[in-house]
Amino acid sequence: MKLLNEILGTKYPIIQGGMANIATGEFAAACSNAGALGLIGAGGVRTAEDLRAQIRRCKELTDKPFGVNLMLMHPLVDEFAQIVIEEKVPVVTTGAGNPGKYVPAWKEAGIKVIPVVAAAVLAKHLEKSGVDAVIAEGTESGGHVGEMATMALVPQVVDAVNIPVIAAGGIADGRQLAAALALGACGVQVGTCLLVSEECPIHENYKQALLKAKDSDTIVTGRIGGTPVRVLKNQMTREYVRQEKAGADKMELEKFTLGSLRRAVFEGDTKTGSLMSGQVAGMLREIRPAAAILDDLWTGAQQRIKALQGLC
Ligand code: TUI
């Protein structure tokens, strides 16, 4: 099996998740320069021209491979799908849906296409449409999540397809990276552990809330409404749960969370903001350079694999 770094031309077999409103062109470039595949998150980008500007900024700041994550529920996704072609983006990942209709044009343009899947059935379907790999993302992740846990999802996707599988969800240290490789993944995508990097442009209050979090401090809101999102528990989630239990309809709940991610990211509003985070938040100890976080992930995985070899 080829490792993800050989497939992508990166130093490490690690992708930086394209977190909406967080993963700017500058942050993606910093992660690419630090040895991962940096991704620009288009989920929070408001215009096609802004996406183009983020891509150009990223290209200015790194000569390493990078990519764009397209959130498929975004109202401008058709336009964004064209911009990545025009700007010759080397890698496109997708999330929150089925990217099938865009795949032929992206492949025609020579783009490596790597959709996120939350179940094996979509992975199988997308393999037929010619995607290069899939990211199997477990419900441990932050942000928009599916139902299946990484431990159960990854081997079932690996068995379902003959293309490389990248594991995501619940990965913040070398033990978890080693476990992902043991499950048959060729590499990993991480998001939450990079939120506490020095380069990550989120508000300082958001970083401090992550450092304070314990293992069970995240919750998934919106499972009933159809858009499940994992965030740190706070005043907003308590109120959300209260309204959900009281029978509030989908529209009311959506209105309640509208703009709440931006409030957390830009204003540092830890009370009423959506502090998207994976279940690994409880493992985060300090703010460090992205390069140190990535190097520890890979060095730690190699050490763990060697230690396990000594057991048998
Ligand atoms: O997309 C993500 N994570 C995200 S997107 C996001 S922005 C947002 N903001 C507010 C509300 C909702 C979203 C924040 N975090 N991860 C990738 C991911 N994709 N997770 C789950 C899926 C997924 C789910 C269903 C992928 C495919 C899918 O297929 C359904 C189908 O059509 O077959």
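Colleague: What makes Asp 249 a cap at the N-terminal end of helix 12 (residues 250–257)?

Modeller: A side-chain oxygen of Asp 249 lies 3.2 Å from the backbone nitrogen of Met 251. A polar contact is a pair of N or O atoms within 3.5 Å, where within protein one must be able to donate a hydrogen and the other to accept it, and residues adjacent in sequence count only if both atoms are side-chain atoms; the 3.2 Å pair therefore counts as one. Helices are DSSP runs (H or I, at least four residues) numbered from the N terminus. After helix 12 comes Gly 259, with a positive phi near 80°.

This is a predicted model, in which local features need pLDDT of at least 70 and side-chain atom pairs count only at pLDDT 80 or more, while totals for chains, interfaces and linings use all residues. Residues are numbered from 1 along each chain as its sequence is written, and side-chain values use heavy atoms, with hydrogens and water left out.

Colleague: Why is helix 6 called roughly parallel to helix 7?

Modeller: The axes of helix 6 (residues 120–128) and helix 7 (residues 150–160) cross at roughly 30° and come within 9 Å. Angles under 35 degrees count as roughly parallel, so helix 6 is roughly parallel to helix 7. Their crossing is right-handed, a term for a near helix turned clockwise from the far one by less than a right angle.

Colleague: What makes helix 3 roughly parallel to helix 4?

Modeller: Helix 3 (residues 48–61) packs against helix 4 (residues 77–86) at an angle of about 30°, with axes 10 Å apart. Helix 3 is therefore roughly parallel to helix 4, and this crossing is right-handed.

Notes:
Axes fitted to C-alpha atoms, helices over the stretch in contact; angles between N-to-C directions. Helix = DSSP H or I, 4+ residues; strand = E, 2+ residues; numbered from the N terminus. Parallel < 35°, antiparallel > 145°, perpendicular 65-115°, else oblique.
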